[in-house]
Amino acid sequence: MKITSTLLTVSFSIFISSAISAQSYSGYPDFSVVVKADSNSRSVLLTNLLEKQPGNESPIIGTAAWNDLGRQLQCRSLLSFDYGVLPKVINPEQIAKAQLILVPLKINSTIDNSDIQYSKFMVLRVLEPWEDSLATWSNQPLADIKSEVTKQINPKKRDKLVKIDVTDMVKNMFLLGNNGFLIKYEDSLSAAASFSHWFASAKNENEDLRPLLVITLEYQLPPYTSTKDIMRPLPMTTSDREEMMQNHFRPEPVTVTPPDEVKPPVKTREDK
């Protein structure tokens, strides 16, 4: 797993400094963590053409459907990122957005995407653990149909990056466990349908083409008020000062005792 910690640190410093410099600030600053598929990530290309063969070494993932002698064939893919310690330090409620980014690949194939109606695929959250070296079409793990997100692909932009909003899925992965994503077409396919969408997998030799997961985090900052905005006490009036004196100083009666009367000494004969 590769995480851009530099971006995280810099962004964190930026929004903290902005809060300090503002006269009055309260909001939800955010920054992103980028998780890139690497050797710890898993990806598998599955097909009902070879139902018991694992596709863990495939440099591509994606989904396809085509008809072969009356038999409807399909390809699906499993993809899982290694989150490392992120679920331990990030609360799912702090995840504002999560985007799965896939790089499309052009592959020589007889599969045609002529039917624009089916120029879309679905991404679902996988519910069961799986191993890329063992996963096949016949034993593929279950996925959460309630989490499915449909991605429509513009035929004129098939060479552009594909960005899929998987926010709710990633939140549940952080909360319930990470079993990755399932990429597939709808099950209710026309027998004559023929289409495909291919992307670079986590095993692709070109690391720049591998899938990315961009997680945007949101933190609520406490309200900040500049010292310039704090109300200072008004000057005290004469009556205020007198009241304060009465509250803090209690007058005590003063008793003055006159000194004793000093009598002149009596002169004797010797003094004379």
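**Close-up views of a predicted protein model**

The protein exposes about 17500 Å², of which carbon and sulfur atoms supply 53%. The structure is a predicted model. Its fold contains four helices and 14 strands. Of the 272 residues of the protein, 39% count as buried. Among contacts with a separation of 6 or more, 82% are between residues 24 or more positions apart.

**Figure 1**
Helix α3 spans residues 167–176, and its buried residues are Thr167, Met169, Val170, Met173 and Phe174. Seen down the axis of α3, these buried residues fall within an arc of 165°, so they line one face of the helix. An α-helix has 3.6 residues a turn, so residues three or four places apart point the same way. On the other side of α3, the residues Asp168, Leu175 and Leu176 are exposed. Gly177 follows the helix and has a positive phi, near 125°.

**Figure 2. Val170 and the nonpolar cores.**
The largest nonpolar core has 34 residues, and Val166, Val170, Phe181 and Leu213 touch the most other members. Which residues does Val170 touch, not counting residues up to four places away in sequence? They are Tyr83, Ile95, Ala98, Phe181, Leu213 and Ile215. A second, separate core consists of eight residues, including Val44, Leu46, Leu78 and Leu182.

**Figure 3. The aromatic pair of Tyr83 and Phe174.**
A search of the whole structure finds two aromatic pairs. One of them, formed by Tyr83 and Phe174, is tilted, with 5.1 Å centre to centre and 45° between the planes. Tyr83 lies in the loop between β6 (71–80) and α2 (86–89), whereas Phe174 belongs to helix α3, so the pair ties together parts that are 91 residues apart in sequence. Both Tyr83 and Phe174 are buried.

**Figure 4. Ser43 in strand β4.**
Ser43 has its place in strand β4. Is Ser43 buried or exposed? Its relative accessible area is 1%, so Ser43 is buried, since the cut-off for a buried residue is under 20%. A polar atom of the Ser43 side chain lies 3.4 Å from the backbone nitrogen of Ala202. Leaving aside neighbours within four places in sequence, Ser43 is in contact with residues that include Gly55, Asn56, Ile61, Leu78, Trp130 and Asp132. Ser201, Ala202 and Lys203 are also among the contacts of Ser43.

**Figure 5. Asn56 in a loop.**
Asn56 is found in the loop between β4 (42–47) and β5 (60–68). With a relative accessibility of 14%, Asn56 counts as buried. The side chains of Asn56 and Glu57 make a polar contact of 3.2 Å. Beyond its neighbours within four places in sequence, Asn56 is in contact with Ser43, Val44, Asp132, Ser133 and Lys203.

**Figure 6. Leu73 in strand β6.**
Leu73 is part of strand β6, and at 1% relative accessibility this residue counts as buried. Which residues is Leu73 in contact with, leaving aside its neighbours within four places in sequence? The contacts are Asn48, Leu49, Ala64, Ala65, Trp66 and Asp68. Asn48 is 25 residues from Leu73 along the chain, and the C-alpha atoms of the two residues are separated by 6.1 Å.

Definitions and conventions
Residues numbered from 1 in each chain as written. Predicted model: local features only at pLDDT ≥ 70, side-chain atom pairs only at ≥ 80, totals over all residues. Heavy atoms only, no water. Buried < 20%, exposed > 50% of the residue type's maximum accessible area, 1.4 Å probe, protein only. Helix = DSSP H or I, 4+ residues; strand = E, 2+ residues; numbered from the N terminus. Arc of directions from axis to C-beta. Core = buried A, V, L, I, M, F, W, Y, C linked by side-chain atoms within 4.5 Å. Contact = heavy atoms within 4.5 Å. Polar contact = N/O pair within 3.5 Å; in protein donor to acceptor, adjacent residues only side chain to side chain. Areas by Shrake-Rupley, 256 points an atom, 1.4 Å probe, with all protein chains shown as cover. Phe/Tyr/Trp six-rings, centres within 6.5 Å; stacked < 30°, edge-to-face > 60°.
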